[in-house]
Amino acid sequence: MDTPFQASCEAAALEWDVPALAAGYSLDGRAETGAVGCELETVFRIASITKPVTATLALELLDPEEVPGVWPSDVRLRHLLSHTSGFDCELPERDLARFGDGDDALGRAVAELGSVRRWVGVEQVWSYANTGYWLAGHLAAERAALPYEDAVAERVLGPAGLESTSFGEPDLAGTGRDAGSGPYPRARRPSGGLASNVPDLLRLGRFLLEHRETARMRIVHGKPPGGVYGLGLFGERVGGVEVWGHGGSYDGFQSSLLVVPDRGAVFAGVTNSSVGAKALRLVEDAFFERAVRARRRVPETVVLDAAALETFAGSYANSDGWFEVTPSLDGLVVTFEDGDYPARAIGERTFEIVGGERVRDRFDFPLEGFGRFGGRLAERVA
């Protein structure tokens, strides 16, 4: 049936040239869905939407103040789940497939976490860290006396009524600049290993609205460049109303799960494109218009003088790569591995990219000598 929501999905997929997109929302006891280039039940990789699942599992089994070990004793479980441990996002050797596909894969990866660089102390700055989720997933699995995957199935997927969600492979291939091939490494699964579809994600969203741990997950622990972060959930305000959720991006798949607690509303969207999040953002606005009678606010440009812009110039590096920042007439230009992206200032130290495949992505400079690109700290090296 051709509905306004289906039309929103079609327009978004066309604008961003996304091969397959499916989305849906539930609100006030009703639901609308749409699919382009696939069936609504098609299973996609949902990547980091796994994080709120891991956080739910960990909070059921562990105390947020527990000392997880491996890292110094000032690091607690809540720091792992809120990306405020101060540690880097990845192991120095990023290929986790080397740990194999056995039940010991996650434990073997965790045994190497002592080699991960620590940028700053706990709670000093928010910096996205998959490493913390591997450790949290491992600790929860040990407490459950089950492999991580079995613990997730028993304590989260089953109770949430998820029928098509698993750590298996998606029904179709990812596309775009980030597309990869091969199975998802088992050792990475707590940070992003699940595959799912829209009906199941809507069930997961309703479960998160009702689950006893979700209120704790929505307590603010850190501040990314846009919004806030709790324990496994990003937060923002749209039309003055709190919205929580998580996105996912891996190997040419991008996805989104959002909940609006005050409205009892849930949104889910999945794509098989490296720019799928841009298409989903358009569909999310259609959802927000129904749920909160508003769209996301476009921040105003802040005018910074040449001297202020020059203070951010330089080369920055982390385990993800190398970033060059140069001033321009009306902002900054940041160089990623896929090209140069101009950005405008939306704060004294925060910038938003204005065009290309990374449009509306934000980066900032939260500490002297550091930038934050893709939500991850990078040190100025030149």
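Because the model is predicted, local features need pLDDT of at least 70 and side-chain atom pairs count only at pLDDT 80 or more, while totals for chains, interfaces and linings use all residues. Residues are numbered from 1 along each chain as its sequence is written, and side-chain values use heavy atoms, with hydrogens and water left out.

Start with the cores. A nonpolar core is a set of buried Ala, Val, Leu, Ile, Met, Phe, Trp, Tyr and Cys residues joined through side-chain atoms within 4.5 Å. Buried means under 20% relative accessible area, exposed over 50%, and partly exposed in between, with a 1.4 Å probe and protein chains only. The largest core has 68 residues. Those with the most contacts inside it include Leu57, Trp71 and Leu257. Helix α5, residues 130-144, gives the most to this core, with 8 residues. Apart from it lies another core, of 28 residues, among them Trp16, Ala23, Ala265 and Ala291.

Now take α5 itself. Helices (H or I, at least four residues) and strands (E, at least two) are DSSP runs, numbered from the N terminus. α5 has 15 residues and reaches 21 Å from its first C-alpha to its last. That is close to the 21 Å expected at 1.5 Å a residue; the expected span is 1.5 Å times one less than the number of residues. Of its 15 residues, 13 are buried, so α5 is largely enclosed by the rest of the structure. Just after the helix, Ala145 takes a positive phi of about 60°. Leu57 touches Ala140, Tyr148, Ala151, Val152, Arg155 and Val156, not counting residues up to four places away in sequence. Contact here means heavy atoms within 4.5 Å.

Next comes Glu90. It lies in the loop between α3 (77-82) and α4 (105-110). Is Glu90 buried or exposed? It is buried, with a relative accessible area of 2%. Its side chain makes polar contacts with the side chains of Asn130 (2.9 Å) and Arg188 (2.9 Å). A polar contact is a pair of N or O atoms within 3.5 Å; within protein, one must be able to donate a hydrogen and the other to accept it, and residues adjacent in sequence count only if both atoms are side-chain atoms. Other residues that Glu90 touches include Val116, Trp134, Asp320 and Arg376.

The cysteines form 0 disulfides, a disulfide being a pair of cysteine sulfur atoms within 2.5 Å. The sulfur of Cys38 is 9.3 Å from the closest cysteine sulfur, in Cys9, too far for a bond. Cys38 counts as buried at 16% relative accessibility, and Cys89 at 1%.

Aromatic pairs close the tour. Rings of Phe, Tyr and Trp (its six-membered ring) pair if their centres lie within 6.5 Å; planes under 30 degrees apart count as stacked, over 60 as edge-to-face and the rest as tilted. The structure holds 26 such pairs. Phe267 and Phe287 form a tilted one: 5.5 Å centre to centre, 35° between the planes. Phe267 lies in strand β9 (residues 265-271) and Phe287 in helix α10 (residues 276-291), so the pair ties together parts that are 20 residues apart in sequence. Phe267 is buried, and so is Phe287.

Phe323 and Phe373 are stacked, at 4.6 Å centre to centre with 10° between the planes. This pair links strand β11 (residues 321-328) to strand β16 (residues 370-373), with the two residues 50 apart.
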